[in-house]
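Hi,

Here is the structure I promised to pass on to you. Have a look at it first, and then read my notes below.

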Amino acid sequence: MLIGSVRSGHGLDSPLPQAARLIAAGCRAVFVEMSRGDHLNRPVLHRTIDLLRSGDVLVVEDLDRLSSNPLHLNIILRRLEDRQASLNVLSFEDELVPVR
């Protein structure tokens, strides 16, 4: 199943456009987090990853929505791998692009 993850880090930055693109790409659920913190301070992201089952795909608009820190991003990717889930990123044409 495709599961979307949206992060909106600024008070004026609406999560709705991101969520709409993820739904249009086929996500059956979209989790929204209003946070500017790194991956350690992202409870919605952690719960979303904990809900993933084997074969599920986490979908984000771009990698920066997970983390701009390469070390943190690697930790997130390892957690997805541990759950036997994968990650796709929307391209500029709103097509899914697998990561790794």
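**A buried glutamine to start with**

Gln18 is buried, with a relative accessible area of 4% (buried means under 20% relative accessible area, exposed over 50%, partly exposed in between, using a 1.4 Å probe and protein chains only). Before I go on, a word on the ground rules: this is a predicted model, where local features need pLDDT of at least 70, side-chain atom pairs count only at pLDDT 80 or more, and totals for chains, interfaces and linings use all residues. Residues are numbered from 1 along each chain as its sequence is written, and side-chain values use heavy atoms, with hydrogens and water left out.

Back to Gln18, which sits in helix 1, residues 16–24. (Helices, H or I with at least four residues, and strands, E with at least two, are DSSP runs numbered from the N terminus.) What does Gln18 touch, leaving aside its neighbours within four places in sequence? Its contacts are Val6, Arg7, Ser8, Glu61 and Arg65, where contact means heavy atoms within 4.5 Å. A polar atom of the Gln18 side chain lies 2.9 Å from the backbone oxygen of Arg7. That is a polar contact: a pair of N or O atoms within 3.5 Å, where within protein one must be able to donate a hydrogen and the other to accept it, and residues adjacent in sequence count only if both atoms are side-chain atoms. Gln18 and Val60 are 42 residues apart along the chain, yet their C-alpha atoms are separated by 8.4 Å.

**The whole chain**

Now zoom out. The protein chain has 3 helices and 5 strands, and along the sequence they follow the pattern β-α-β-α-β-α-β-β. Of its 100 residues, 41% count as buried. If you take contacts between residues at least 6 apart in sequence, 63% of them join residues at least 24 apart.

**The nonpolar cores**

In soluble globular proteins, nonpolar side chains tend to be buried together. Here, the largest nonpolar core has 14 residues, and Leu52, Leu58, Leu66, Leu80 and Leu87 touch the most other members. (A nonpolar core is a set of buried Ala, Val, Leu, Ile, Met, Phe, Trp, Tyr and Cys residues joined through side-chain atoms within 4.5 Å.) At least two residues of this core come from each of helix 2 (43–51), strand 3 (57–60), helix 3 (70–82) and strand 4 (86–90). Helix 3 gives the largest share, 4 residues.

Apart from neighbours within four places in sequence, Leu66 is in contact with Arg42, Leu45, Leu58, Val60, Leu73, Ile76 and Leu87. There is also a second, separate core of 7 residues, including Ala19, Cys27, Val59 and Leu90.

Which residues of helix 2 are buried? They are Val44, Leu45, Thr48 and Ile49. These residues lie on the same side of helix 2, because they cover an arc of only 135 degrees around the axis (the arc is that of the directions from the helix axis to the C-beta atoms). An α-helix has 3.6 residues a turn, so residues three or four places apart point the same way. The buried residues of helix 2 pack against strand 1 (2–7), strand 2, strand 3 and helix 3. Exposed Arg47 and Leu51 are on the face of helix 2 turned away from its buried side.

**Salt bridges**

How many salt bridges does the structure hold? It holds 4, a salt bridge being a side-chain nitrogen of Lys or Arg within 4 Å of a carboxyl oxygen of Asp or Glu. In one of them, Arg42 pairs with Glu33, with the closest N and O atoms 2.9 Å apart. Both of these residues are buried, and Glu33 has 5% relative accessibility. You will find Glu33 in strand 2, residues 29–33.

Another one joins Arg79 and Asp50 (2.8 Å, N to O). This pair links distant parts of the chain, with Arg79 in helix 3 and Asp50 in helix 2, 29 residues apart. Arg79 is partly exposed, at 23% relative accessible area, and Asp50 is partly exposed too, at 44%.

**One more spot to check**

Finally, look at the loop between strand 3 and helix 3, where Ser67 lies. Ser67 is buried, with a relative accessible area of 6%, and its side chain reaches the backbone nitrogen of Asn69 at 3.1 Å.

Cheers
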